[in-house]
Amino acid sequence: MISPVWHPFHQHGLGEPIPQVVRAEGALLHLADGRTLIDGISSWWVTTHGHCHPRIAAAIAEQAGRLDQLIFAGYTHEPAEEVARGLIGLAPRSADRDPLAHVFFSDSGSTAVEVALKMALGYWHNLALDGLARARHRILVLEHSYHGDTIGAMSVGERGVYNQAWQPLLFDVGTIPFPAPGREQATLDALEAACAAPEKPAAFIVEPLILGAGGMLIYPASVLRGMAAVCARHDVLFVADEVMTGWGRTGTLFACEQAGVVPDIMAVAKGITGGTIPLAATLATGRIFDAHKSTDRSRLFYHSSSYTANAIACAAAVANLAIWREEDVPARIAKLAQGMAARLAKLADHPAFAHPRQLGVVAAIDLIAPDAGYLSDLAPRLRAFFQERGILLRPLGNTIYLMPPYCLDADQLDCVFAALAEAGERFGVRT
Ligand code: PLP
């Protein structure tokens with residue numbers, strides 16, 4: 001029977017098989033045909049503590065029987081209040097910066113980014129109403145970025161084949177070159193020039209320390225710090241998209257911590273519920289919130305969705321926060337990072353691989369192969385190859401990356417790296 005399901009980022013015309021997963025636990029996915037897969041990318045970068053963590057599963061079940069969903073305009077519930085307090089307590093902070101103090105809920109990374117952009121423009125709009133500033137509309141972005149697939153999120157991301165159909169709808173942005181090695185100062189200079197331009201930007205949005213979907217491109221914390229300093233100097237809002245980097249991925253709870261950066265607005269999602277159920281949040285400092293706070297109803301923040309701050313999702317996030325508080329997650333991450341680094345160093349000796357890179361528990365390496373472009377057959381062929389070996393990986397072009405759940409054990413790591421080496425032999429070109 002032909003399935004009516006339309007899958008994301010999947011070319012149905014190629015007839016590639018779509019395995020059905022019936023159960024998951026820890027780092028393992030169990031398929032309907034009895035096979036298992038090691039989840040090497042945390043089911044699209046969300047599963048932090050492993051699949052079906054009992055504490056989160058129990059919290060979801062308990063909440064589903066008590067309060068499932070509530071209109072969030074003008075009503076509240078304790079799970080949302082607790083998540084908001086927890087996020088504010090854990091958010092990056094420093095003595096000389098206004099802290100992130102307000103939390104707006106949504107349901108995906110893309111919507112958290114949309115909310116961030118709308119908050120930034122709303123801030124300048126409301127200041128302009130009071131005659132305190134000129135309205136600003138221009139957004140600055142970093143080259144090769146990915147911030148999601150809604151129209152606004154695509155507008156601030158890299159343009160390419162994957163969004164060419166909608167480019168007439170995307171708004172214009174200022175693009176700052178990526179800080180490739182040796183080009184760090186050029187990035188900061190370009191940002192400085194863009195911030196000082198006559199059309200003052202409203203905000204600069206950036207993925208801190210790693211550009212994920214853009215190719216797992218890592219840049220130094222000093223550059224992130226420099227970018228935040230440039231924005232502060234020019235009073236351009238600094239927006240951190242921690243959707244992928246948050247929840248320990250880069251070795252610290254949030255990547256901004258490594259640069260001592262406190263953004264004006266911060267988007268989080270993915271691991272906020274341990275990767276179990278959709279929820280996202282956009283955090284903002286007092287001045288962003290205060291610009292929308294007034295006795296004038298026309299200034300309120302006009303954004304919502306039916307499921308904003310869904311109570312079951314918030315309960316899952318409360319359980320995730322408890323795991324972070326009560327279990328030694330950083331030690332688990334550090335151990336896994338060490339294991340990945342040791343194996344990546346060995347793989348890097350293989351002549352078919354180049355550019356090994358790692359930050360926290362994100363590791364990537366480029367396979368030197370003929371016809372390795374984004375639309376070539378290489379990535380799907382690699383995907384099928386890894387699947388045959390019991391591993392779920394989804395290379396980006398010729399970049400093979402790992403972003404496993406933090407519970408991945410040494411044997412599973414060995415299995416993944418053995419398959420990577422074999423892929424080098426099978427698909428790579430020896431240099
Ligand atoms: N921002 C970043 C940095 C991401 O990596 C992603 C997804 O991968 C998003 C935003 C969009 O998140 P979602 O897929 O939950 O909409």
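## The annotated lysine

An unreviewed UniProt entry carries the annotation "modified residue: N6-(pyridoxal phosphate)lysine" at Lys270. The model discussed here is predicted. In it, Lys270 sits in the loop that runs between strand E11 (265-268) and strand E12 (280-285).

Lys270 has 27 other C-beta atoms within 10 Å and is therefore buried, the cut-off for that class being 20 or more. Leaving aside residues up to four places away in sequence, Lys270 is in contact with Trp45, Val46, Gly109, Val243, Met244, Gly246, Trp247 and Gly275.

## The shell around the ligand

The ligand is surrounded by 15 residues, and the closest are Gly109, Ser110, Gly148, Val243 and Met244. Gly109, Val243 and Met244 are also among the residues that Lys270 touches. By class, the shell holds 7 nonpolar, 6 polar and 2 charged residues. Helix H4 (residues 109-129) is the element that contributes most to the shell, with 3 residues.

## Other binding-site positions

Under "binding site", the unreviewed UniProt entry lists Trp44, Tyr146, Lys270, Ser304 and Arg394. These positions span 351 residues of sequence and are also spread in space, with up to 32.5 Å between C-alpha atoms.

Tyr146 is located in the loop between strand E5 (138-142) and helix H5 (151-155). Tyr146 counts as buried because 24 C-beta neighbours lie inside 10 Å. Its contacts, not counting residues up to four places away in sequence, are Gly157, Glu158, Gly212, Ala213 and Gly214.

Arg394 occupies the loop between strand E15 (391-392) and strand E16 (399-402). Is Arg394 buried or partly exposed? With 16 C-beta neighbours inside 10 Å, Arg394 falls in the partly exposed class, because that class lies between the limits of 12 or fewer for exposed and 20 or more for buried. Not counting residues up to four places away in sequence, Arg394 touches Ile41 and Arg383.

His30 is placed opposite Thr36 in E3.

Ala309 has a phi near 55°, which is a positive value in a residue other than glycine. Ala309 is part of the loop between helix H8 (286-292) and helix H9 (311-326). Ala309 is classed as buried because it has 28 C-beta neighbours inside 10 Å.

For Asp371, phi is near 50°, again a positive value in a residue other than glycine. Asp371 lies in the loop between strand E14 (362-367) and helix H11 (378-388).

## Confidence

The chain has a mean pLDDT of 97, and 100% of its residues reach 70 or more. For the complex, the predictor gives an ipTM of 0.99 and a pTM of 0.98.

Notes:
Residues numbered from 1 in each chain as written. Predicted model: local features only at pLDDT ≥ 70, side-chain atom pairs only at ≥ 80, totals over all residues. Near = placed C-beta within 6 Å. Helix = DSSP H or I, 4+ residues; strand = E, 2+ residues; numbered from the N terminus. Nonpolar A, V, L, I, M, F, W, Y, C, P; charged D, E, K, R; others polar. UniProt positions renumbered as here; feature names shortened; annotations may be inferred. Contact = placed C-beta atoms within 7 Å. Pairing = 2+ DSSP bridges. pLDDT = per-residue confidence, 0-100.
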